[in-house]
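Dear colleague,

I am passing on to you the structure shown below. My findings follow it, and I would be grateful if you could read the two together.

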Amino acid sequence: MSKPKLKTARRLTKRFEILDHTADIGVIVYGENLRALFENAGGAFFHLITDLRKVRRRIEKRIDIGGESLDRLMVDWLSELLYLHDVENLLFKDFRVESVGEDGLRAIAKGEPFQEGVHVIKTEVKAVTYHQIEVRQEKGRWRARVIFDL
Amino acid sequence: MRSGLSRTDIQGRLKELVEALFVNIPSGVGSHRKDLKLNREEERRVLKKGARWAVEKGFGSSEDLDHIEEHGCIEGGNPDRISEKAMERGKAQLGTLGSGNHFVEVGYVAEVFDEDIARALGLSKDQATVIVHTGSRGLGHQVCDDYIRVMLDAARKYQIELPDTQLCCAPVSSPEGQGYLEAMACAANFAFTNRQMITHWVRETFEQVFKKGPKDLKLDLIYDVCHNIAKIETHTVDGKKRKLCIHRKGATRAFPPNHPDIPSDYQSTGQPVLIPGDMGRCSYVLVGAERAMEETFGSTCHGAGRVMSRHQAIRAAKGRAIVRELEDKGIIVKGASRGTILEEIPDAYKDVNDVVNVVHHAGISRKVAKLVPMGVIKG
């Protein structure tokens, strides 16, 4: 299955919106199914961190997360991506969620390590929080709200 | 830090100084000192010993420890409470500034409000100063992530009803509460060590640029204090002395004169408090005052606080040459990324002068000196 590039403006259905908070920042993410919701959440997260147009798909990481409630799974998923960003300086632009549900999440994230002069850092995200966390189905599609600590 | 240099000494070499600070103090994504190797055993020692570890390794001197909250080490830090992930994030980031609102700022004393206390703190008009603002980096965030999971289960176990999931918690005396305090002490000790190392590199950078030794530069630490931490302290409540867990989030300890927990040379002045403003206005040195013990459990504000979100700030900065605007005011700013400079534009913050006047007039801390920035490095 090929995946369109992350360009919100050119899409008919939007994948995410930025929530403006005074001290922090958040996103509302949409997806026609749970897999798409988690993939779009990954995309929204790295859209906050960097200019994704400059990121290439040079390496891939497999991510496995154990079973949790969907709220926790969402925070765990983004926290895992943040951990890889922090320790291995990775920037991700493509996410393929193979399975997601109460028994866990399996996914592959593609991107490359941060390179001075090539990539920009727009915002440093310190943590993914549970503040006002929400993952639910609404009018036939999935919607999630996540607030980040900056 | 105070210094033996004046405003004009700095101004002559400002560009060179800011460039050199930016090279010597790792600040961007993945940047790291090549001469710093940290194996697992050493990292565990950092978490137990705090700034004392840094001093033993040659970063600064034991006199520095006298001017750090808790002498740079919170007792009871237990590295066994720290996850593999937190250790990994810590290893990659010890001795780094980090981005966001973290910075090193070279400034000068623009105004003295209390001559006697300023003298006791070694501050005088037009003297050059340095402020270092950073913390426990990714290690602290990972400790937070890890323990939020513990606390989510604990809140259920102890039947605590939560208005918001992020506020999950456990009784301080419970195994979960005690476990967290042991982990938090490790994160605080990591932060003390991180600042001590950066302080040392600031001194080395001044030595390089001014070709002077430590005796002439006199970059002595005035004080180092936390602003996101919980401490077990004794306070008087309804006339009775009680042992409490004081949470300071975006707040700073501000103990008054004669408090046993402040250094002997500050017994008559009160504990120094540093209030960083935004990079275009000013910062303040205050001291703790008696009213803080009566009204705020020995605490005062930590900073100016934002009025604009990051996105609003970036929109407000659009089309403006922010670095140039600051340069016109005599302030040189160098950051690893343009984004973090824009997010931190002066307009995005409350006027620190107003904020400091409030705590001064409320009597919870006293104004001593105003510091105006000349050079700033950011992550």
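Buried area is the accessible area, taken with a 1.4 Å probe, that two parts lose on being put together, summed over both. Please note that this is a predicted model.

For chain A and chain B, the area buried between them is about 2800 Å². Carbon and sulfur atoms give 48% of that area. In terms of residues, 31 of chain A are in contact with 37 of chain B.

The rule finds five salt bridges across the interface of chain A and chain B. In a salt bridge, the side chain of Asp76(A) meets that of Arg149(B), with 2.2 Å from N to O.

On the side of chain A that touches chain B, the elements giving two or more residues are strand S1 (16-20), helix H2 (70-88) and strand S6 (127-128). H2(A) gives the most, with eight residues. By class, this side of chain A has 13 nonpolar, eight polar and ten charged residues.

I also looked at one residue of chain B. Ser299(B) lies in strand S8, residues 299-301 of chain B. Its relative accessible area is 9%, so Ser299(B) is classed as buried, the cut-off being under 20%. The side chain of Ser299(B) reaches the backbone oxygen of Phe297(B) at 3.3 Å. Leaving aside residues up to four places away in sequence, Ser299(B) touches Ile246(B), Arg248(B), Thr252(B), Arg253(B), Ala254(B), Ala292(B) and Ile364(B).

With kind regards

Definitions and conventions: Residues are numbered from 1 along each chain as its sequence is written. Chains are lettered from A and ligands numbered from 1 in the order in which they are written. This is a predicted model: local features need pLDDT of at least 70, side-chain atom pairs count only at pLDDT 80 or more; totals for chains, interfaces and linings use all residues. Side-chain values use heavy atoms; hydrogens and water are left out. Contact means heavy atoms within 4.5 Å. A salt bridge is a side-chain nitrogen of Lys or Arg within 4 Å of a carboxyl oxygen of Asp or Glu. Helices (H or I, at least four residues) and strands (E, at least two) are DSSP runs, numbered from the N terminus. Ala, Val, Leu, Ile, Met, Phe, Trp, Tyr, Cys and Pro count as nonpolar, Asp, Glu, Lys and Arg as charged, and the others, Gly among them, as polar. Buried means under 20% relative accessible area, exposed over 50%, partly exposed in between (1.4 Å probe, protein chains only). A polar contact is a pair of N or O atoms within 3.5 Å; within protein, one must be able to donate a hydrogen and the other to accept it, and residues adjacent in sequence count only if both atoms are side-chain atoms.
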